[in-house]
Amino acid sequence: DATRLLRERCRRLAAPPKFVFTSSLAVFGGPLPDPVGDDAPVTPQASYGAQKAMGELLVYDMTRKGFIDGRSLRLPTVTVRPGKPNKAASSFASGIIREPHSGVDAICPVARATRMWVTSPRTVISNILVGHEAPAAAFAHTRSVNVPGMLVAVEDMVAALRRVAGEAVAARVKWQFDPAIDRIVSTWPANFAPKLGPALGMKADADFESIVRAHIADDMPKADSAAAQG
């Protein structure tokens, strides 16, 4: 409702503003090709994805009517997020990197081989700016963009943590399978082949080790950051 009301406020402005809606790749689900292309059907399999799909439709409809210059950016799972764990099903993807660095055990509730499409905070911010600055003519029939990410298995995320921070830190990740969380995460497609996003100038992270190192540099106190980097 907050997003809807914001769009209604934009509708009353003298000129249509640019409107960036942070959507999610959770709008996709069910039987899909591997990798998922930009033109895959939007068939969310969880309430979160359904709500994001509704938001996208409103962005497109209000853009079509000339009320806003909208663009919906379907973000990968963002890791490593700063702050504390939350109730989001994807929270563990940050927690298994962030908490061990702080000397706290972290629970991984999904199978080790679970694959995810991820991006770092640095990269997603850069891509959001690209999406905002892109000219309206670049979007053609759609205002929805699959933002580039990288494909990584959860066990490889922990392996990257081990290479950067050492065995003692990686050992703080505890594998405790939670069927409720796994059921939600398993509905999210893990591999994409974005075309429009890269054509606009969006980029993906090079590897997961660089994501871990960026988290250390950006979110940890300087003394801890130097120690974690070795």
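Q: Which residues is Phe208 in contact with, leaving aside its neighbours within four places in sequence?
A: In this predicted model, Phe208 is in contact with Thr79, Ile97, Val118, Met150, Val152, Met157 and Ala160, once neighbours within four places in sequence are left aside.

Q: And where does Phe208 lie?
A: Phe208 lies in helix α9, which covers residues 208-219.

Q: Is Phe208 buried or exposed?
A: Phe208 has a relative accessible area of 4%. Buried means under 20%, so Phe208 is buried.

Q: How far apart are Phe208 and Val158?
A: In sequence, Phe208 and Val158 are 50 residues apart. In space, their C-alpha atoms are 9.5 Å apart.

Q: What about Ile96: which helix is it in?
A: Ile96 has its place in helix α3, residues 91-101.

Q: Does Ile96 count as buried or exposed?
A: Ile96 counts as buried, because its relative accessibility is 0%.

Q: Which residues is Ile96 in contact with, again leaving aside neighbours within four places in sequence?
A: Ile96 is in contact with Ala106, Ile107, Cys108, Val154, Met157, Val158, Leu161 and Val173, with those neighbours left aside.

Q: What separates the C-alpha atoms of Ile96 and Gly83?
A: The C-alpha atoms of Ile96 and Gly83 are separated by 13 Å, and the two residues are 13 residues apart along the chain.

Q: Let us turn to α4. How many residues does it have, and how far does it reach?
A: Helix α4 (residues 121-133) has 13 residues. From its first C-alpha to its last it reaches 18 Å, close to the 18 Å expected at 1.5 Å a residue.

Q: Which residues of α4 are buried?
A: Thr123, Val124, Asn127 and Gly131 are buried in α4. They are on the same side of the helix, because they cover an arc of only 95 degrees around the axis.

Q: Why do residues three or four places apart point the same way?
A: An α-helix has 3.6 residues a turn, so residues three or four places apart point the same way.

Q: What do the buried residues of α4 pack against?
A: The buried residues of α4 pack against the strands β3 (69-75), β4 (77-78) and β6 (115-119).

Q: Which residues are exposed on the other side of α4?
A: Ile125, Leu129 and Glu133 are exposed there.

Q: New topic: how do α1 and α2 pack?
A: Helix α1 (residues 2-11) and helix α2 (residues 47-64) pack at an angle of about 5 degrees, and their axes are 11 Å apart. Angles under 35 degrees count as roughly parallel, and α1 and α2 are therefore roughly parallel to each other.

Q: Which residues meet there?
A: From α1, Arg7, Glu8 and Arg11 meet Gly55, Leu58, Val59 and Met62 of α2. By class, this contact has three nonpolar, one polar and three charged residues.

Q: Now the backbone. What is the peptide bond from Asp34 to Pro35?
A: The bond from Asp34 to Pro35 is cis, with omega near 10 degrees. Pro35 has its place in the loop between β1 (18-24) and β2 (36-37), and Pro35 is partly exposed, with a relative accessible area of 35%.

Q: What does Pro35 touch, not counting residues up to four places away in sequence?
A: Pro35 touches Asn191, Phe192 and Ala193. The C-alpha atoms of Pro35 and Phe192 are separated by 4.5 Å, although the two are 157 residues apart along the chain.

Q: And the peptide bond from Thr79 to Val80: what is that one?
A: The bond from Thr79 to Val80 is cis as well, with omega near 20 degrees. Val80 is found in the loop between β4 and α3.

Q: What is phi of Ala140 near?
A: Phi of Ala140 is near 55 degrees, a positive value in a residue other than glycine. Ala140 is found in the loop between α4 and β7 (144-146), and Ala140 counts as exposed at 70% relative accessibility.

Key
Residues numbered from 1 in each chain as written. Predicted model: local features only at pLDDT ≥ 70, side-chain atom pairs only at ≥ 80, totals over all residues. Heavy atoms only, no water. Axes fitted to C-alpha atoms, helices over the stretch in contact; angles between N-to-C directions. Helix = DSSP H or I, 4+ residues; strand = E, 2+ residues; numbered from the N terminus. Parallel < 35°, antiparallel > 145°, perpendicular 65-115°, else oblique. Contact = heavy atoms within 4.5 Å. Nonpolar A, V, L, I, M, F, W, Y, C, P; charged D, E, K, R; others polar. Expected span 1.5 Å × (residues − 1). Buried < 20%, exposed > 50% of the residue type's maximum accessible area, 1.4 Å probe, protein only. Arc of directions from axis to C-beta.
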